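Visitor: Hi! Could you walk me through some side-chain contacts here?
Guide: Happy to, let's bring it up.

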Amino acid sequence: MATHTSEKKTIAGCEIELLKGGNGPPLVFLHGAGGAHNWMPYMERLSEHFALTVPSHPGWGRSDTPDWLDGMGDLAYFYLEFLKEMDLGKTHLVGNSLGGWLALEIAVRSTAQIETLTLVSAAGIHVDGVPKGDIFLWDDNERVYNTFYDPKFAEARLAKQPSEEDANISLKNHFSTAKMAWHPRFYNPELQKWLHRIDIPTLILWGDSDKIFPPAYGRAMQKLIPGSKLTILPECGHLPQQEKLEDFISGVTAHTNGAAS
Amino acid sequence: MKFYFFHLMPYQDIDPDYLKTNKSSWINLPNSYYDPKKGAKLYHRYLDELELADTLGFDGVCVNEHHQTAYGMMPSPNVLAGALSRRLKKATVGVIGRALPIVDNPLTIAEEFAMIDNLMEGRFIAGFVRGIGCEYHASMTNPGFSLERFREAHDLIVRAWTDPGPFEFYGKHYHYQYVNPWPRPYQSPRPPIWIPSQGSTETVEFAAHPDRRYTYIITFSPVASVRKNMKAYRDQCQVYGYECPAEQMGWAMPAYIAETDAIARKEAAPHIESLFNKFISSPSQYKLPPGYSSLASYKAVMEGKYKVRENYLDCDSLIENGMFLCGSAETVAAKLEEYQKEMGFGNIAPMLQFGTLPKELTEKNLRLFAEEVIPKVRHLGVDMETLAAE
């Protein structure tokens with residue numbers, strides 16, 4: 001079993017936490033609204049194939065909340081700086097939900113440091129006539145149940161009593177999510193004009209039962225990104241890396257290997 | 001003291017069972033519950049009640065702003081202030097207030113308020129609020145920028161009224177090459193500003209500041225909080241180096257007067273309970289979107305206040321904790337006297353219509369308040385200087 005470490009890194013005056021583990025080609029995982037300050041099974045599995053880095057975004061987890069953090073553009077420029085300073089060479093980039101949106105914002109600006117892109121239930125675009133879930137109007141229980149296809153995952157999460165630190169971080173993450181995504185809700189109207197700039201191999205993974213961003217969002221995204229591939233996972237909600245871990249890992253490894261060969 | 005009849009204009013003809021199938025009276029309560037025929041009648045009835053207050057001798061009448069809710073039919077209070085402006089003979093009209101952060105062009109507020117001030121020939125009070133959390137869902141304004149936008153819009157509006165135009169204004173959220181509103185306000189240098197609040201420290205510091213000295217109005221609070229917040233405001237004025245005059249503080253609360261305490265309770269109970277248990281009702285994530293307040297106060301509020309409000313609030317407990325002033329004129333006047341002497345406020349904004357309170361009882365309430373309560377307490381909270389001037 002690979003071990004993981006926690007490191008701090010300061011960029012643009014903002015100290016963030018990085019969880020790192022494993023060896024192999026570099027892969028950066030950009031987390032979604034819920035954050036990623038605890039080492040999770042999907043990180044463990046990714047670290048069996050990659051030199052994995054999971055940063056907590058500015059405003060999330062144990063990272064600072066900088067004064068300059070006003071929108072997704074700020075995070076995108078932060079991460080362009082991050083990719084340059086980390087000196088990883090070209091890295092595989094995986095983003096889930098809000099982290100997928102972030103990956104898109106980075107990639108339309110520059111793909112120079114990115115080998116491949118994997119978008120997992122990514123936010124960032126709007127599809128007319130397909131209502132999204134409203135995580136801000138759902139109560140805590142609804143939010144958890146609507147995240148998964150299989151209520152057993154929701155029940156397991158709700159049964160766990162969070163530590164005080166986890167509860168505080170969860171609230172902090174929720175605040176930062178609102179700051180980034182309240183309006184326009186979870187998308188940037190300018191983004192879809194420029195997704196054609198993405199010139200690297202792109203895989204889009206989506207749960208067929210995603211209640212936050214329905215799979216129509218995945219299909220629309222696939223049409224906007226030249227050469228991208230879409231895989232819809234059956235009986236899966238918004239977090240394939242938790243609910244369909246094997247499919248997530250095989251999807252990412254096949255995509256990144258295919259790109260390397 | 002001065003007395004302002006504060007109307008909330010609930011859509012009171014709603015199906016009484018609506019909360020059995022809906023989570024909230026706000027944001028996404030389907031507007032199919034709104035019947036325009038009944039709504040139109042209510043608007044006219046409520047305006048009649050505000051006009052009656054003028055003839056009964058209230059110093060002013062107040063309206064306010066809420067969106068997408070059965071709680072109040074005033075998404076644009078300025079429309080109603082405009083309607084009232086041609087009818088009020090003596091009373092001042094207060095819009096307490098407009099939610100500044102939720103508009104993208106706050107200059108429209110400077111313009112519309114200046115129009116009302118002109119129409120009223122100066123009998124106008126401008127109220128500024130951030131707007132409650134629900135408005136951020138309804139308007140999609142990012143709650144994380146609420147405080148910044150409030151401060152910036154406020155600065156813009158006050159400068160638009162007081163600095164000669166045109167001038168440039170470039171803020172973080174609002175940007176203008178030419179700030180130059182026509183008309184200018186009737187009052188010079190500007191209309192008085194009221195800040196309705198439930199007591200946040202930031203608001204106290206902001207409103208009491210010597211550059212502003214805005215009238216601080218505590219709304220919808222148990223008397224213990226009113227006491228605490230007014231003390232905090234007076235203390236803040238002292239920190240700034242001046243004594244808070246009575247006219248710089250006020251209290252807005254639902255009130256009901258009848259012939260005896262028992263009659264008052266009996267007549268008011270179902271209606272005040274409809275206000276607190278139905279019209280105000282919404283889950284905490286509706287009321288408190290993330291970023292609207294600091295992390296620390298968000299946690300405190302979630303753990304405290306809203307937990308309490310999950311319980312049914314009956315008329316007796318509302319009277320008991322002082323959220324609701326109810327009783328005979330003697331009882332209510334005695335309470336007001338006691339509270340005024342203790343807290344030193346100079347303005348009262350009683351909500352004399354609330355929830356499902358019907359027309360007849362509202363009018364009776366207005367008359368008894370005007371004829372039997374006001375004369376008993378009007379002399380309180382008047383500064384000696386003001387008395388001498390009169």
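Guide: Let's start at B:K364, which counts as buried because its relative accessibility is 19%, and the cut-off for buried is under 20%. Keep in mind that this is a predicted model.

Visitor: Which residue does B:K364 form a salt bridge with?
Guide: B:K364 pairs with B:E259, and the closest N and O atoms are 3.0 Å apart. B:E259 lies in the loop between β9 and α9 (261-279) of chain B, while B:K364 is in helix α15 (residues 359-377) of chain B, so the pair ties together parts that are 105 residues apart in sequence.

Visitor: Which residues do salt bridges with shared partners join into one network?
Guide: That would be A:E17, A:R62 and A:E165.

Visitor: And how many salt bridges does the structure hold over all chains?
Guide: The count over all chains is 30 salt bridges. One of them joins the side chains of A:R185 and A:D134, at 3.0 Å from N to O. This pair links distant parts of the chain, 51 residues apart: A:R185 is in the loop between α6 (164-181) and β7 (202-207) of chain A, and A:D134 is in the loop between β6 (114-120) and α4 (140-145) of chain A.

Visitor: Is A:R185 buried or exposed?
Guide: A:R185 is buried, with a relative accessible area of 11%. A:D134 counts as partly exposed, at 22% relative accessibility.

Visitor: What ring does the charged end of A:R185 sit over?
Guide: The ring of A:W182, and the distance to the ring centre is 4.6 Å. A:W182 also belongs to an aromatic cluster with A:F136, A:F186, A:F213 and A:Y217.

Visitor: What does B:R130 lie over?
Guide: B:R130 lies over the face of B:Y292, 4.2 Å from the ring centre.

Visitor: On to rings, then. How many aromatic pairs are there over all chains?
Guide: The count comes to 31 aromatic pairs over all chains. Take A:Y79 and A:F82: their ring centres are 5.4 Å apart and their planes are at 75°, so the pair is edge-to-face. Both residues lie in helix α2 (residues 72-86) of chain A, three residues apart, which is about one turn of the helix. A:Y79 and A:F82 are both buried.

Visitor: What about B:W251 and B:Y339, what kind of aromatic pair do they form?
Guide: An edge-to-face pair, with 5.4 Å centre to centre and 65° between the planes. B:W251 lies in strand β9 (residues 249-258) of chain B and B:Y339 in helix α14 (residues 329-343) of chain B, so this pair ties together parts that are 88 residues apart in sequence. B:W251 is buried at 0% relative accessibility, and B:Y339 is buried at 8%.

Visitor: Switching topic: how many residues of chain B are in contact with chain A?
Guide: 22 residues of chain B are in contact with 16 residues of chain A. The area buried between the chains is about 1,700 Å², and carbon and sulfur atoms give 65% of that. In chain B, the residues that lose the most area to chain A are B:M140, B:P290 and B:L295, together 33% of what that side buries.

Visitor: How many salt bridges are found across the interface of chain B and chain A?
Guide: Two salt bridges are found across the interface. The side chains of A:D70 and B:K172 meet in a salt bridge at 3.0 Å, N to O. There are also nine residue pairs in polar contact between chain B and chain A.

Technical notes. Residues numbered from 1 in each chain as written. Chains lettered and ligands numbered in written order. Predicted model: local features only at pLDDT ≥ 70, side-chain atom pairs only at ≥ 80, totals over all residues. Heavy atoms only, no water. Phe/Tyr/Trp six-rings, centres within 6.5 Å; stacked < 30°, edge-to-face > 60°. Helix = DSSP H or I, 4+ residues; strand = E, 2+ residues; numbered from the N terminus. Buried < 20%, exposed > 50% of the residue type's maximum accessible area, 1.4 Å probe, protein only. Lys NZ or Arg CZ within 6 Å of the ring centre and 35° of its normal. Salt bridge = Lys/Arg side-chain N within 4 Å of Asp/Glu carboxyl O. Contact = heavy atoms within 4.5 Å. Buried area = accessible area lost by both parts, 1.4 Å probe. Polar contact = N/O pair within 3.5 Å; in protein donor to acceptor, adjacent residues only side chain to side chain.
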